[in-house]
Amino acid sequence: TGIDHLLTRYEDLCRDPLAEFERIFEHCELELSDRVRSEIEQSSHAKGAYAPGRYDTARNSAETAQRWRREMKAEEIEEVRRGYFACRPLFYTQDADW
């Protein structure tokens with residue numbers, strides 16, 4: 001592709017895992033087999049609730065991406081945001097990201 005790197009936002013990967021993996025595989029000039037496609041679909045659309053402390057490889061990805069918004073207090077998010085912005089980031093700089 002001529003580009004030596006590819007940026008993938010966590011939220012985009014969680015929102016549409018298969019489309020993002022297709023993009024990643026294409027960038028890396030790799031074939032996305034039916035078996036890998038099926039595994040992505042199964043592991044990212046798993047039923048059941050997230051359990052803290054478990055390191056599962058299957059989860060409901062769309063739900064997982066936004067979980068922090070429900071679990072953190074507004075003050076905690078603002079504190080993390082202040083520290084993050086102190087580093088002059090290039091990503092996650094819009095109000096909608098927070």
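Predicted model: local features only at pLDDT ≥ 70, side-chain atom pairs only at ≥ 80, totals over all residues.
Visitor: How are two packed helices described?

Guide: Two packed helices are described by the angle between their axes and the distance between the axes. Take helix α2, residues 17-27, and helix α3, residues 34-44. Their axes come within 9 Å. They cross at roughly 145 degrees.

Visitor: Is the crossing of α2 and α3 left-handed or right-handed?

Guide: The crossing of α2 and α3 is right-handed.

Visitor: Which residues of α2 and α3 make the contact?

Guide: From α2 come P17, L18, F21, E22 and F25. From α3 come V36, R37, I40, E41 and S44. Now sort the residues of this contact by kind. Six are nonpolar, one is polar and three are charged.

Visitor: Which residues of α2 are buried?

Guide: The buried residues in α2 are P17, L18, E20, F25 and H27. Then ask what covers them. The cover includes α1 (10-15), α3 and α4 (61-64).

Visitor: E20 is on that list. Why does E20 count as buried?

Guide: Look at the relative accessible area. Buried means under 20%. E20 has 12% relative accessibility, so E20 counts as buried. E20 lies in helix α2. Next, look for its contacts. Set aside the neighbours within four places in sequence, and E20 is in contact with T8, D12 and L13.

Visitor: What follows α2?

Guide: α2 is followed by E29, whose phi is positive, near 55 degrees. E29 is a residue other than glycine. E29 sits in the loop between α2 and α3. E29 is exposed, with a relative accessible area of 65%.

Visitor: Where does Y92 lie, and what is its phi?

Guide: Y92 lies in the segment after α6. Its phi is positive, about 55 degrees, although Y92 is not a glycine. At 23% relative accessibility, Y92 counts as partly exposed.

Visitor: Now the rings. How many aromatic pairs are there?

Guide: The count comes to four aromatic pairs. Read each pair by two values: the distance between ring centres and the angle between planes. Start with Y84 and F85. Their centres are 5.8 Å apart, with 80 degrees between the planes. Planes over 60 degrees apart count as edge-to-face, and the pair of Y84 and F85 is edge-to-face.

Visitor: Are Y84 and F85 buried, partly exposed or exposed?

Guide: Y84 is partly exposed, with a relative accessible area of 27%. F85 is partly exposed too, at 31%. F85 also forms an aromatic pair with W98. That pair is tilted: 6.1 Å centre to centre, 45 degrees between the planes. The pair of F85 and W98 links distant parts of the chain, 13 residues apart. F85 is in helix α6, residues 74-85, and W98 is in the segment after α6.

Visitor: Which residues do the ring pairs link into a cluster?

Guide: The cluster holds W68, Y84, F85 and W98.

Visitor: Last topic: cysteines. How many disulfides does the structure hold?

Guide: Check the distance between the sulfur atoms. A disulfide needs two cysteine sulfur atoms within 2.5 Å. This structure holds zero disulfides. For C14, the nearest cysteine sulfur belongs to C28, 19 Å away.

Visitor: Is C14 buried or exposed?

Guide: C14 is buried, with a relative accessible area of 8%. C87, by contrast, counts as exposed, at 63% relative accessibility.

Conventions:
Residues numbered from 1 in each chain as written. Heavy atoms only, no water. Axes fitted to C-alpha atoms, helices over the stretch in contact; angles between N-to-C directions. Helix = DSSP H or I, 4+ residues; strand = E, 2+ residues; numbered from the N terminus. Left-handed = near helix turned anticlockwise from the far one by under 90°. Contact = heavy atoms within 4.5 Å. Nonpolar A, V, L, I, M, F, W, Y, C, P; charged D, E, K, R; others polar. Phe/Tyr/Trp six-rings, centres within 6.5 Å; stacked < 30°, edge-to-face > 60°. Buried < 20%, exposed > 50% of the residue type's maximum accessible area, 1.4 Å probe, protein only.
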